[in-house]
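Reader: I would like to learn how to read helix packing and a few local features. Can we work through one case at a time?

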Amino acid sequence: MISPVFVKTYDAPSYDEREILRYIGETSPNSETVELVRSCIAEVEAHLSYKVCYAVYDAQVTPDGVDMTFAKTKSTSLAKTLADSDRVILVVASVGIGIDRLVKKYLSISASRALVMQAIGAERVESLLDAFCIEMREKYRGLGQDITTRYSPGYGDLPLQLQREIFDALDCPKRIGVSLSDSMMMTPTKSVSAIIGISRSICSDVSLDKCKNCNKDCQYRR
Amino acid sequence: MDIRGYISNNIVYLDGGMGTLLQGRGLRPGELPERWNISHPDIITQIHADYFDAGSNIVSTNTFGANILKYDIDELTQIVHSAIDNARSAIALSTSPQPKWVALDIGPIGRMLKPYGEVSFDEAVEIFAKTVRIGVEYGVDLVFVETMNDSYETKAAVVAVKENCDLPLFVSNAYSDDDKLMTGATPEAMVAMLEGLGVDAIGVNCSYGPTKTAKVIEEYLRYASVPVIMKPNAGLPTVVGGETIFDLSAEDFGREVARCVEAGVRICGGCCGTTPEYVRRMVECSEGIKPKAICHKNRTVVSSYTHAVSLEDKPILIGERINPTGKPRFKEALRNADIDYILSEGISQQDKGVHILDVNVGLPEIDEADMLERVVSELQGVVDLPLQIDTSNVLAMARALRIYNGKAMLNSVNGKQESMDSIFPLAKKYGAVIIALTLDESGIPATAEGRVEIARKILDNASRWGIAKEDIVFDPLAMTVSADSGAGVQTLRAVRMLRDMGCHVSLGVSNVSFGLPNRDLLNSTYFTMALQEGLSMAILNPNSIDMMRAYYAYTALVGLDDNFSRYVDFASTLATTSTVATKVEMPKAKDEGDTPLQYAIIKGLKDQAGSLTESLLESVPPLEIVNSHIIPALDKVGQSFEKKTTYLPQLLMSAEASQVAFEKIKCKMSGDNAISKCTFVIATVEGDIHDIGKNIVKLLLQNYGYNVIDLGKNVSPTTIVDTVVDTHAPIVGLSALMTTTVPSMQETIRLLRDRAPWCKVVVGGAVLTQEYADKIGADKYAKDAMATVRYAEQINEG
């Protein structure tokens with residue numbers, strides 16, 4: 001099945017201050033930093049937009065990996081995630097160029113503000129994708145199906161090069177203004193691409209929290 | 001028949017969707033539709049012919065994504081040729097009687113331009129130009145640039161078309177649901193830029209269905225003096241029974257578009273989801289409508305990449321601070337290419353309420369064209385105000401105007417023939433509002449009449465270049481009253497006379513008070529008098545409270561300030577600035593015997609650090625302040641960061657506070673580099689566009705007194721090595737965020753070893769590890785900014 005590419009705009013998800021502090025690397029925040037974060041949040045909202053574009057493709061786990069119609073990959077880690085899925089949602093989410101402009105502005109006048117702005121951007125785009133996933137989960141659970149955790153190029157053995165095929169399939173520059181460079185980087189920088197499996201039945205034990213499904217010891221672990 | 005002539009009397013019909021029709025005929029996801037021109041010419045020809053039969057006057061070739069990034073030059077040529085052949089065959093095939101033309105279709109290249117992406121403006125122009133040249137040489141009737149959602153990329157496409165042909169050019173943009181382009185431009189800003197560039201017709205395509213698009217169309221009709229295009233989608237896509245359909249029927253689509261034609265849209269068609277049936281309905285619904293006359297709007301307007309500033313509503317302020325004249329610190333920044341300093345001058349003027357920024361970076365010892373281009377590009381990364389390009393160097397003006405994102409102001413032309421002959425062609429090519437000084441070969445006339453005479457001559461010459469009166473703003477020149485007590489009155493008379501001629505007028509008033517005490521008082525009074533004579537805009541220093549007072553008071557008193565909101569805002573800042581200026585609360589030395597300045601730095605209190613440094617400078621030598629106050633404070637914060645009792649935000653806040661202290665010291669020492677340590681070259685490597693980490697390292701290094709040369713992001717190995725060789729820097733820092741750019745870091749190191757064997761290389765960035773650093777041959781892996789500082793200290797001492 002080939003679905004059209006859908007474009008959706010969301011309202012601002014609520015801000016997760018703890019998550020922002022975690023991105024800054026502040027494990028026991030002091031009052032000055034918290035104040036800084038709050039003042040940045042107050043400034044940033046007018047500069048954000050919350051957009052996703054997505055499409056649904058048939059997918060099949062094969063002996064050499066996964067065939068997702070728009071692309072094939074040999075990634076075994078993705079194959080594992082998609083073991084119970086027969087379709088995937090391919091999604092790119094972005095909070096727009098405004099946050100990049102703010103970060104750039106503050107890089108010339110206040111590095112601490114730039115740092116916080118960029119952490120807010122990271123939190124924003126993840127929260128946006130969370131909102132998208134929750135919506136999809138509700139939709140598919142309503143149909144007696146479910147969704148898997150989201151999986152992005154660069155996770156496990158899923159190559160970054162898959163970005164090229166994702167961008168060709170979704171036509172992101174046109175749909176939501178996200179473009180891909182030769183080195184596979186997205187602009188606006190606060191953008192995320194992901195593959196989400198649609199599984200045949202409801203699986204209550206899958207969490208949408210990526211950290212729970214990963215056993216790496218990393219500094220950003222929640 | 002000539003298209004331009006036809007448009008002036010008729011509604012012009014474009015075609016409808018192509019992509020959705022091709023998918024219906026078997027185009028697979030990810031397959032490039034342009035290849036079907038060659039593999040399935042019959043299908044493409046038939047679709048074009050169906051559109052002609054449905055009533056389209058113009059079909060666009062199936063070349064939306066045909067560019068050199070996607071195809072090599074041979075395939076690109078073959079695709080464009082076949083696409084044009086297919087469209088031409090469709091004309092032959094179609095039996096309907098209306099006039100028919102073929103447009104070369106140009107879509108976006110799908111890359112973000114600098115300063116946010118990695119493609120430069122000129123590279124983008126060249127990418128478009130390749131497709132344009134192939135199409136134009138093979139033969140098309142017009143060029144249609146469409147679905148552009150970024151103003152800068154749109155400009156690149158337009159420049160590419162204009163530089164390679166004289167064919168009619170239509171440009172249409174895709175808007176987001178906030179009625180702006182994806183990168184922020186309003187319809188008014190796009191109209192200003194595109195009309196400035198001499199585009200024949202402008203408008204909107206894709207985006208949404210006709211009803212939602214109508215709001216943006218309304219804006220176009222309000223501001224545009226050229227025909228307006230509308231080419232919306234068939235509503236929104238939905239899936240029904242596994243099939244994609246759009247939610248608007250052909251009939252509804254036709255009716256909605258016809259409504260906009262009645263409102264003044266001159267050129268219409270359909271985009272995603274529309275078919276020949278949609279075009280047929282659209283033609284049926286709108287055929288009988290008499291085309292609404294297109295009137296010239298006579299607006300004086302400039303734009304940035306987000307918004308337009310027009311001279312219709314209220315007097316406009318131009319900030320004059322980005323200018324080295326009489327500013328040693330600014331000159332030093334220019335000589336050291338300290339772009340951040342220049343940017344901060346722009347940002348602070350925006351915060352003070354100016355509407356346009358003047359940009360002058362002329363200094364005899366630097367390459368002005370290079371610097372102006374760079375500063376304009378960087379400023380447009382951080383400030384969304386329109387810019388006024390201020391230079392007497394025509395080459396610099398041309399380059400800055402070319403890469404400017406929007407419609408700029410130019411400062412300036414004058415009545416000398418040589419000036420007009422060199423400036424007007426540039427303004428004509430790129431579009432600009434030009435400041436015209438009323439002087440000529442014989443100097444500045446003493447009387448208002450003499451200056452108006454020159455103004456007439458300038459208008460005459462401008463019109464010969466096809467530059468309209470509204471794109472000229474006259475500056476009748478404020479003269480020094482202490483040299484001639486009648487001079488003030490003559491300039492005011494000239495303001496009034498020029499306004500009565502229907503021209504806009506600007507002044508830089510501060511010259512009037514030269515040689516007299518309390519100049520601000522005279523300047524601001526004179527400013528009010530000029531405003532009363534009808535002054536349209538003024539170039540001024542927004543830090544002058546008196547000038548800003550005069551401005552806000554005037555606009556409030558003559559009814560140009562709705563609900564007095566601007567005046568009230570301004571008045572409230574007056575109350576706070578006067579108290580802050582007189583009374584910055586001084587911190588007391590609290591912990592562990594820190595001096596007050598040390599405490600201010602440790603706590604990251606910028607204002608206090610600045611004031612404390614100023615008062616220390618009255619009695620303590622600058623170097624001693626650095627060595628006994630600033631450096632110990634920084635070290636203390638640095639150590640607690642290393643011990644993980646302080647985190648990055650505090651480290652940076654302290655660094656910023658000490659930077660304020662350093663600025664005060666620098667002003668005192670005026671260019672003396674006694675506190676400088678060795679040169680440190682820093683860059684984010686090629687292919688990588690992330691620079692926050694690199695900038696944090698730079699800030700800390702500057703704090704510790706290093707002469708940091710920041711080459712920016714996405715920097716080629718050759719540029720980095722050339723700089724190291726030129727400056728003989730003993731240390732270079734390279735940053736990379738992603739695995740894909742580590743090879744370019746490795747290449748940089750290889751080249752450095754070859755050409756600059758003395759230079760130590762420290763690497764850092766999210767993706768790097770000690771193991772990686774060893775593998776690519778770096779001297780040092782630094783896990784954070786402080787680790788880089790410590791390593792630099794070793795090299796500097798060693």
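Reader: Which residues of H5(B) meet H6(B)?

Author: This is a predicted model. From H5(B), the contact uses B:Ile73, B:Leu76, B:Thr77, B:Val80, B:His81, B:Ile84 and B:Asp85. Facing them in H6(B) are B:Lys130, B:Thr131, B:Ile134, B:Gly135 and B:Tyr138. By class, the contact of H5(B) with H6(B) has six nonpolar, four polar and two charged residues.

Reader: How are two packed helices described?

Author: By the angle between their axes and the distance between the axes. Take helix H5 (residues 73-93) and helix H6 (residues 121-138) of chain B. Their axes come within 10 Å and cross at roughly 45°. That angle makes H5(B) oblique to H6(B).

Reader: What is the handedness of the crossing of H5(B) and H6(B)?

Author: The crossing of H5(B) and H6(B) is right-handed.

Reader: Now the pair H25(B) and H26(B). At what angle do they pack?

Author: Helix H25 covers residues 648-669 of chain B, and helix H26 covers residues 692-703 of chain B. They pack at about 45°, with axes 9 Å apart. H25(B) and H26(B) are therefore oblique to each other. H25(B) passes H26(B) in a left-handed crossing.

Reader: Which residues of H25(B) and H26(B) meet?

Author: H25(B) brings B:Leu648, B:Leu651, B:Leu652, B:Ala655, B:Glu656, B:Ser658, B:Gln659 and B:Phe662. H26(B) brings B:Ile696, B:Leu699, B:Leu700, B:Gln702 and B:Asn703. The contact of H25(B) with H26(B) divides into eight nonpolar, four polar and one charged residues.

Reader: How do H22(B) and H24(B) cross?

Author: Helix H22 (residues 596-603) and helix H24 (residues 622-642) of chain B cross at roughly 35°. Their axes come within 9 Å. The crossing of H22(B) and H24(B) is right-handed. On H22(B), the contact is made by B:Leu597, B:Gln598, B:Ile601 and B:Ile602. On H24(B), it is made by B:Ile625, B:Ser628, B:His629, B:Ile630, B:Pro632, B:Ala633, B:Lys636 and B:Val637. By class, the contact of H22(B) with H24(B) has eight nonpolar, three polar and one charged residues.

Reader: What lies in the loop between H24 and H25 of chain B?

Author: B:Lys644 has its place there. Look at the backbone of B:Lys644: phi is near 65°. That is a positive value in a residue other than glycine.

Reader: Next, peptide bonds. Is the bond from A:Thr187 to A:Pro188 cis or trans?

Author: Read omega. The bond from A:Thr187 to A:Pro188 is cis, with omega near -5°. A:Pro188 lies in the loop between strand E9 (186-187) and strand E10 (191-199) of chain A. A cis peptide bond also joins B:Asn411 and B:Ser412, where omega is about 10°. B:Ser412 is found in strand E16 (residues 408-414) of chain B.

Reader: How many aromatic pairs are there over all chains?

Author: A search of the whole structure finds 13. One of them is B:Phe144 with B:Phe170, an edge-to-face pair. The ring centres are 6.5 Å apart, with 85° between the planes. B:Phe144 lies in strand E4 (residues 142-148) of chain B and B:Phe170 in strand E5 (residues 169-173) of chain B, so the pair ties together parts that are 26 residues apart in sequence.

Reader: Where is B:Gln532, and what does it touch?

Author: B:Gln532 is in helix H19 (residues 519-532) of chain B. Leaving out residues up to four places away in sequence, B:Gln532 touches B:Arg496 and B:Tyr554. B:Ile545 is 13 residues from B:Gln532 along the chain, and 20 Å separate their C-alpha atoms.

Reader: Last, the overall layout. Which domains does the assignment give for chain B?

Author: The domain assignment gives domain 1 (3-286), domain 2 (301-541), domain 3 (591-669) and domain 4 (679-797). Over C-alpha atoms, the centres of domain 1 and domain 3 of chain B are 58 Å apart.

Conventions:
Residues numbered from 1 in each chain as written. Chains lettered and ligands numbered in written order. Predicted model: local features only at pLDDT ≥ 70, side-chain atom pairs only at ≥ 80, totals over all residues. Heavy atoms only, no water. Domains from an automatic or database assignment. Axes fitted to C-alpha atoms, helices over the stretch in contact; angles between N-to-C directions. Helix = DSSP H or I, 4+ residues; strand = E, 2+ residues; numbered from the N terminus. Parallel < 35°, antiparallel > 145°, perpendicular 65-115°, else oblique. Left-handed = near helix turned anticlockwise from the far one by under 90°. Contact = heavy atoms within 4.5 Å. Nonpolar A, V, L, I, M, F, W, Y, C, P; charged D, E, K, R; others polar. Phe/Tyr/Trp six-rings, centres within 6.5 Å; stacked < 30°, edge-to-face > 60°.
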